[in-house]
Amino acid sequence: EDLFRGLAGVTVTRLPNGGISLRIRGSSSFSGDGEPLYVINGVPIQAPPGQALMGVSARNITRIDVLKDAGATAIYGSRGANGVVLIFTERR
């Protein structure tokens, strides 16, 4: 949770299931849940809200980037409409 607090335009919410939910400023969805697309080491992760990061250890994260607005949709299409969170971890 603390890893995401310093990211500009990102709101972090702790969920009852123990996961976290991110909202990227300026992103909204009429039909979806508003969660951004999570891409971990180049692999898009499809999971219920708050569960995309459950298997990722914060100790292994080396970098986090956030794509917003047109940049996200230009690369990831409609899946990136709510923004994209790129997470890079140590490779072992």
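A residue is called buried here when its relative accessible area is under 20%, exposed when it is over 50%, and partly exposed in between, with a 1.4 Å probe and only protein chains considered. The model is a predicted one, in which local features need pLDDT of at least 70 and side-chain atom pairs count only at pLDDT 80 or more, while totals for chains, interfaces and linings use all residues. Residues are numbered from 1 along each chain as its sequence is written, and side-chain values use heavy atoms, with hydrogens and water left out.

The chain contains two helices and six strands, taken as DSSP runs (H or I of at least four residues for helices, E of at least two for strands) numbered from the N terminus, and along the sequence they follow the pattern α-β-β-β-β-β-α-β. Of the 92 residues, 35% are buried.

Side chains of opposite charge can pair when their charged atoms come close. The structure holds two salt bridges, each defined as a side-chain nitrogen of Lys or Arg within 4 Å of a carboxyl oxygen of Asp or Glu. In one of them, Arg 23 pairs with Glu 35, with the closest N and O atoms 3.6 Å apart. Because Arg 23 belongs to strand β2 (residues 20-24) and Glu 35 to the loop between β2 and β3 (37-40), this pair ties together parts that are 12 residues apart in sequence. Arg 23 is partly exposed at a relative accessible area of 36%, whereas Glu 35, at 10%, counts as buried.

In the salt bridge between Arg 63 and Asp 65, the N to O distance is 3.0 Å. Arg 63 is partly exposed at 44% relative accessibility, and Asp 65 is likewise partly exposed, at 26%.
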